[in-house]
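Hi there,

Here is the structure I promised to pass on to you. Have a look at it first, and then read my notes below.

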Amino acid sequence: MDLSGNGGRSFGQLHFGSAQLGDCRRTDRLVAVADQLLRHPQGTFPQKIPDPAALDAFYRLLAAPGVTHASLLAPHYRLTHQRMADHDGVVLLLQDSTVLDYSGLSIPQLGQVGDGHGRGYYCHN
């Protein structure tokens, strides 16, 4: 009996299985990587994906034409929006901002951060 409400699908299948990446093998790889990252949320990609062939395949996926941040996240966004629309009650959207302080670098595009003496930007997740 599946109590997760996912119809027996893994996290990767549910959130990324409908990604349009130009080749179904890319979508399959994305699903596999999402499930692997969920099992190992800590550390670097080589720590999360210890098999060298699988890690190389992941890096090839990210470098492939048509594989963009938007194309990877599109099915997850659709699922999230659908779940929000289907919910009858209040939906809370939690967010976080992080200060990225690059005061030691000479980058003119950086803005003021912190107490007014720092240079960097606010990363809003």
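**What I found**

Tyr-59 is partly exposed, at a relative accessible area of 37% (buried means under 20%, exposed over 50% and partly exposed in between, with a 1.4 Å probe and protein chains only). Before going further, please note that this is a predicted model, in which local features need pLDDT of at least 70 and side-chain atom pairs count only at pLDDT 80 or more, while totals for chains, interfaces and linings use all residues. Residues are numbered from 1 along each chain as its sequence is written, and side-chain values use heavy atoms, leaving out hydrogens and water.

Tyr-59 sits in helix 4 (helices are DSSP runs of H or I with at least four residues, numbered from the N terminus). Setting aside residues up to four places away in sequence, Tyr-59 touches Phe-45 and Pro-46 (contact means heavy atoms within 4.5 Å). Between Tyr-59 and Phe-45, 14 residues apart along the chain, the C-alpha separation is 9.6 Å.

Next, the packing of the helices. The axes of helix 2 and helix 4 (residues 52–63) come within 10 Å and cross at roughly 120 degrees (axes are lines fitted to C-alpha atoms, for helices over the stretch in contact, and angles run from 0 to 180 degrees between N-to-C directions). That makes helix 2 oblique to helix 4 (under 35 degrees counts as roughly parallel, over 145 as roughly antiparallel, 65 to 115 as roughly perpendicular and the rest as oblique). On the helix 2 side, Arg-26, Arg-29, Leu-30 and Val-33 meet Ala-54, Ala-57, Phe-58 and Leu-61 of helix 4. By type, the residues of this contact are six nonpolar, no polar and two charged (Ala, Val, Leu, Ile, Met, Phe, Trp, Tyr, Cys and Pro count as nonpolar, Asp, Glu, Lys and Arg as charged, and the others, Gly among them, as polar).

What about the interior? The largest nonpolar core has ten residues, including Phe-16, Leu-21, Leu-30, Val-67 and Leu-72 (such a core is a set of buried Ala, Val, Leu, Ile, Met, Phe, Trp, Tyr and Cys residues joined through side-chain atoms within 4.5 Å). Helix 2 (24–39) and helix 5 (69–86) each supply at least two residues of this core. Another core, of five residues, lies apart from it, with Ile-49, Ala-54, Leu-55 and Phe-58 among them.

Leu-72, in helix 5, is buried at 15% relative accessible area. Not counting residues up to four places away in sequence, Leu-72 touches Phe-16, Leu-21, Leu-30, Leu-62 and Val-67.

Finally, His-40 lies in the loop between helix 2 and helix 3 (45–48), and counts as partly exposed at 38% relative accessibility.

Best wishes
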